[in-house]
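Tutor: Please inspect the sequence and the coordinates below. A series of questions and answers will follow.

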Amino acid sequence: MKMRVNIVDLFDSTVETKGSQIAIEHNDKTISFYELKNKALSVATLLLKRNQALINRPIAVFLPKEINTVISDLGVLYSGNAFMNLDVKMPIDRVRNILEKIKPITIITNKKYFELFKNITILIIDIESVEEDIDYKLIDERKKKQIDTDPMCIINTSGSTGTPKGVVLNHRSFFDFTDWALETFSFDGSEVIGSLSPVIFDIYDFELCMLILKGSKLILLDSSLAMFPANLLKEIDNKKVNFIFWVPSIMVNIANLDLLKKIIPINLKMIWFAGEIFPTKQFLYWYDHIPNATFVNLYGPIEITLDCTYHIIDERPMEDEPLPIGKPCRNSDIIILNEDNQQTLENAEGELCVRGTSLAMGYYNDIGKTETVFVQNPLNKSYPELIYKTGDIVSKDRKGIIHFKGRKDSLIKHMGYRIELGEIEHIIVNELKLVDYCCAVYDDVNKKIVLYYEKDEEIAPQIFRKSLMKFFPSYMLPSNFKRMNLLPRNTNGKIDRLQLKNNIKKEQKR
């Protein structure tokens, strides 16, 4: 058996089997597996010729979700480096903060975005100008220097100081999760994946692995389709999509609009969802309208490569019964700890912690933050063993099924994105200086971020939004703004986030 070090090591056999078949389809454009590999190798050759010492370094990819993005990501992997996809819709100041933090050695983009980087001293490559030039020897020499715990990609996630944290994920952990998925669900390469998640999501990275390892076909769906769910359903039906891995938000919207009564994607056989809670009422709408599909609820923060638990929903749940997050994926172990760092008993609540291959390597250029959440397993006093403390509160029933209860702190999942509410507060107080004190709270029922602020006079919501748009993408903007003469404090003088959250619950009951 050939040793697996870099995820693209196995792409050769996929291309041999499916060379002339379509690998990716985006709108009216397609590319075969053979063309995809050659273009990626050309990108790798250019990267290596530009910098012979380049290895295990982050390379930023600043492109919309298109075929060239996949080519760029594969090219980075062939060059022995880690890709870091950036959102082209992100405010440029936030992009610059990420670049300053991570310090990628190169940015792959196109001429449309050159102006954004005119004052940045980083090598810029225009993906549309890369010529077909493959140096197999140079690429092979680079491969020989790699090991499977080298970084594969960096995913930036919200950070409390205003600058996102770059989570480093390696090749071995992607092999591990994909192997589990292939074995558990018998994926064989016949999958036609309706890829809706942004390229900055780990869901996209899994879809990329499916293309590489099994030759699954990727249908790149424009993010704009999420705003027109009827068109989205028509598109996945027309493209004969049989597998989706989506964030529940869009699925909830489809259920609320009763769209499956008119448009049923008849080819859908596998439906995965993750990233946030899927309300059971809306889930049942999907379950009842597509009865022949397999539905799977997955759970896992970005610091756990892709996901660490799953629940196959093979029985119709009650409407008032929250969907469980299930049991651990193979080769991941879940430990539920109470406040004394002891394992909880049956049905008792505690913090979900994870150990195993799936753990990220930490935060790029931030050892301090890494050491606060990747810690020694308190149950193991015999040898070094790291666990990741998720901050999520869960319980385990007598059958060993894990149930999600809520967040321990100010970290939330909203529209599939992980958001540190403290980051919003930091920008409002320290950068914009709009108020001296504020607190962002999540309304779990209505799926909205609510900002409470302390001020003698009310500030118009549009002032907050206009100011925040310079720093944050739209999904991070609060929906409601509530003024208070004095924000509630707890006994240590800190703003009482829990009391504000209870205020929202009281308002909902009125």
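Student: What does Asp133 count as, judged by its relative accessibility?

Tutor: This is a predicted model, in which local features need pLDDT of at least 70 and side-chain atom pairs count only at pLDDT 80 or more, while totals for chains, interfaces and linings use all residues. Residues are numbered from 1 along each chain as its sequence is written, and side-chain values use heavy atoms, with hydrogens and water left out. Buried means under 20% relative accessible area, exposed over 50%, and partly exposed in between (1.4 Å probe, protein chains only). At 36% relative accessibility, Asp133 therefore counts as partly exposed.

Student: With which residue does Asp133 form a salt bridge, and how many residues apart in sequence are the parts that the pair ties together?

Tutor: A salt bridge is a side-chain nitrogen of Lys or Arg within 4 Å of a carboxyl oxygen of Asp or Glu. The closest N and O atoms of Asp133 and its partner Lys49 are 2.9 Å apart. Asp133 lies in the loop between strand 6 (123-126) and helix 5 (136-143), and Lys49 lies in helix 2, so the parts tied together are separated in sequence by 84 residues. Elements are DSSP runs numbered from the N terminus: helices (H or I) of at least four residues and strands (E) of at least two; the partner asked for is Lys49.

Student: What distance should helix 2 span, and how far apart are its end C-alpha atoms?

Tutor: The expected span of a helix is 1.5 Å times one less than its number of residues. Helix 2 has 18 residues (33-50), so it should span 26 Å. The separation of its end C-alpha atoms agrees with this, being 26 Å.

Student: How many residues apart in sequence are the parts tied together by Glu183 and Arg330?

Tutor: The side chains of Glu183 and Arg330 meet in a salt bridge of 2.7 Å, N to O. Because Glu183 lies in helix 6 (residues 171-185) and Arg330 in the loop between strand 15 (327-328) and strand 16 (332-337), the pair ties together separate parts of the sequence. Glu183 is exposed at 57%, whereas Arg330 is partly exposed at 39%. The separation in sequence is 147 residues.

Student: How many salt bridges does a search of the whole structure find?

Tutor: Some of these residues form a network, in which Glu25, Lys217 and Lys239 are linked. Over the whole structure, the number of salt bridges found is 25.

Student: How far from Cys153 is the nearest cysteine sulfur?

Tutor: A disulfide is a pair of cysteine sulfur atoms within 2.5 Å, and a search of the whole structure finds zero disulfides. Cys153 is in none, and its nearest cysteine sulfur, that of Cys209, lies at 8.2 Å.

Student: Where is Lys240 found, and what is its phi?

Tutor: Lys240 is found in the loop between helix 8 (229-238) and strand 11 (243-246). At 53% relative accessibility, Lys240 counts as exposed. Although Lys240 is not a glycine, its phi is positive, at about 60°.
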